[in-house]
Amino acid sequence: MDVVAYVDGFNLYHGLKSKYGRAYLWLDLVELIRQTRRHDVVIKVRYFTAIVRGEPDAALRQETYLGALAASHPELEIVRGHFKRRPRGVGIVALDGHAPANHPRSSILTRRS
């Protein structure tokens, strides 16, 4: 069977890092998918990611990793997104317009009018 794999780079990175530290951060994604789908033909791997902002060294490492993956695997498609900025002053508000008292961040939440 032909396989197209979709990889969420954000969750993959944080999941690997939390469980294994830095051991697998330079993972060969295409080979991993081939190994897990041995009886199938991997025709495309779509890797969704966003480049780290505010950390130039981390961004450079990420770009180097993506370049190495792309150079090694023509079937890899890197889909670049961006991190969405959170609006300032947005909080959790109950239907009555007040921040829930039992919310862990209720002291910093603002009341909506």
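Mentor: Two strands pair if DSSP finds at least two bridges between them, where strands (E, at least two residues) and helices (H or I, at least four) are DSSP runs numbered from the N terminus. The model is predicted, so local features need pLDDT of at least 70 and side-chain atom pairs 80 or more, while totals for chains, interfaces and linings use all residues. Residues are numbered from 1 along each chain as its sequence is written, and side-chain values use heavy atoms, with hydrogens and water left out.

Trainee: How many bridges join strand 2 to strand 3?

Mentor: Strand 2 and strand 3 run parallel and are joined by 6 bridges, with Phe 48 standing opposite Val 79 in strand 3.

Trainee: Which unit do strand 2, helix 3 and strand 3 make?

Mentor: A crossover is right-handed if, with the strands pointing away from the viewer, the path from the first strand over the helix to the second runs clockwise. Here strand 2, helix 3 and strand 3 form a right-handed β-α-β unit. Helix 3 covers residues 56-72, which is 17 residues, and from its first C-alpha to its last it reaches 24 Å, close to the expected 24 Å (1.5 Å times one less than the number of residues).

Trainee: Which residues of helix 3 are buried, and which exposed residues does the face turned away from them carry?

Mentor: Buried means under 20% relative accessible area, exposed over 50%, and partly exposed in between (1.4 Å probe, protein chains only). In helix 3 the buried residues are Ala 58, Ala 59, Gln 62, Tyr 65, Leu 66 and Leu 69. Viewed down the helix axis, these buried residues fall within an arc of 125° (taken from the directions from the axis to the C-beta atoms), so they line one face of helix 3. The face turned away from that buried side carries the exposed residues Pro 56, Asp 57, Leu 60 and Ala 71.

Trainee: What do the buried residues of helix 3 pack against?

Mentor: They pack against helix 2 (29-36), strand 2 (41-50) and strand 3 (76-81), a contact being heavy atoms within 4.5 Å. Gln 62, one of the buried residues, has a relative accessible area of 15%. Leaving aside residues up to four places away in sequence, Gln 62 touches Thr 49, Ala 50, Ile 51 and Val 52.

Trainee: How many aromatic pairs does a search of the whole structure find?

Mentor: Rings of Phe, Tyr and Trp (its six-membered ring) pair if their centres lie within 6.5 Å, with planes under 30 degrees apart called stacked, over 60 edge-to-face and the rest tilted. The search finds 3 pairs. In one of them, Tyr 6 and Phe 48 have ring centres 6.2 Å apart and planes at 20°, so the pair is stacked. This pair links distant parts of the chain, since Tyr 6 lies in strand 1 (residues 2-8) and Phe 48 in strand 2, 42 residues apart. Tyr 6 is exposed at 54% relative accessibility, whereas Phe 48, at 36%, is partly exposed.

In another pair, Trp 26 and Tyr 65 have ring centres 5.4 Å apart and planes at 80°, so the pair is edge-to-face. It also links distant parts of the chain, with Trp 26 in the loop between helix 1 (9-20) and helix 2, and Tyr 65 in helix 3, 39 residues apart.

Trainee: Are Trp 26 and Tyr 65 buried or exposed?

Mentor: Trp 26 is exposed, with a relative accessible area of 53%, whereas Tyr 65 is buried at 9%.
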